[in-house]
Structure formats: structure tokens, C-alpha cells
Amino acid sequence: FLQTTGAGPMHGHDGFFPGYLTSMGYFPEHGFSAALQLNTDDLRSLRLPALYLLLQDFAVLAAEELAR
């Protein structure tokens, strides 16, 4: 997927394997990639938003840190 985020454009992909959820994204404006993996396939039980939203939040923090 391609999305606009608070850290700029993100090219990414979500994945699933029984027992795991993953999300990765590349942020070309900052030259870094980020990935998340959870050792569950039941995101609803964790009461978390979609993984790519967590990834975007992480990328915003990383971009701010890199800009210092």
C-alpha cells in the first residue's frame, strides 16, 4: 500500500501467518524503513488500532528524532 502519513509518504505491506501479525513500511523522504511484528493473530483482543497506524506513529517519532 501507499499512504500519506505524518512522516510523509509510506510504501508498505501488512502480513499474516497463523500466530503472527506484521506490518512494514518504507519512508522515502527520511530514508528509513520500519517493521512491527506481534506474536498474535488476534489484534482485536489487544485492543490496538491497525498495525500500519502504529507503524505510522513510530515513524513520526523516528523522523522527529532524526531531524534533531
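Contact here means heavy atoms within 4.5 Å. The legends below describe a predicted model.

**Figure 1. Helix H2 against the four strands.** Helix H2, residues 51-67, lies across E1, E2, E3 and E4. The helix runs at about 140° to E4. In the chain as a whole there are two helices and four strands, and their order along the sequence is β-β-β-β-α-α. Along the principal axes, the C-alpha atoms fill a box of roughly 35 × 20 × 15 Å. Of the 68 residues in the protein chain, 28% are buried. Taking contacts between residues at least 6 apart in sequence, 27% link residues at least 24 apart.

Figure 2. Four strands make up an open sheet in the order E1-E2-E3-E4, and their pairing is antiparallel. Strand E1 (2-5) and strand E4 (32-38) are the edge strands. Each has a single partner strand, so one side of each lacks a neighbour in the sheet. From one strand to the next, the twist averages 30°.

**Figure 3. The pairing of E1 with E2.** Strand E2 covers residues 8-17 and is joined to E1 by four bridges. The two strands run antiparallel. Leu2 has His11 in E2 as its bridge partner.

Figure 4. Surroundings of Ser23. Ser23 belongs to strand E3, which spans residues 20-27. With a relative accessibility of 2%, Ser23 is classed as buried, because the limit for that class is under 20%. The side chains of Ser23 and Asp14 are joined by a polar contact of 2.6 Å. Leaving aside residues up to four places away in sequence, Ser23 touches His13, Asp14, Ala34, Ala35, Leu36, Leu51, Tyr52 and Leu55. The tilted pair Phe27 and Phe32. The count of aromatic pairs comes to two. In the pair formed by Phe27 and Phe32, the ring centres are 5.4 Å apart and the planes stand at 35°. Planes under 30 degrees apart would count as stacked and those over 60 as edge-to-face, so this pair is tilted. Both residues are buried: Phe27 has a relative accessibility of 0%, and Phe32 has one of 13%.

**Figure 5. The salt bridge between Glu65 and Arg68.** A search of the whole structure finds one salt bridge. Glu65 and Arg68 form a salt bridge in which the closest N and O atoms are 3.6 Å apart. Arg68 is exposed, with a relative accessible area of 79%. Glu65, at 48% relative accessibility, counts as partly exposed, because the exposed class begins over 50%.

**Figure 6. Ala67 in helix H2 and its distance from Thr4.** Ala67 is a residue of helix H2. At 67% relative accessibility, Ala67 counts as exposed. Along the sequence, Ala67 and Thr4 are 63 residues apart. In space, their C-alpha atoms are 19 Å apart.

Notes:
Residues numbered from 1 in each chain as written. Predicted model: local features only at pLDDT ≥ 70, side-chain atom pairs only at ≥ 80, totals over all residues. Heavy atoms only, no water. Phe/Tyr/Trp six-rings, centres within 6.5 Å; stacked < 30°, edge-to-face > 60°. Buried < 20%, exposed > 50% of the residue type's maximum accessible area, 1.4 Å probe, protein only. Polar contact = N/O pair within 3.5 Å; in protein donor to acceptor, adjacent residues only side chain to side chain. Pairing = 2+ DSSP bridges. Axes fitted to C-alpha atoms, helices over the stretch in contact; angles between N-to-C directions. Salt bridge = Lys/Arg side-chain N within 4 Å of Asp/Glu carboxyl O.
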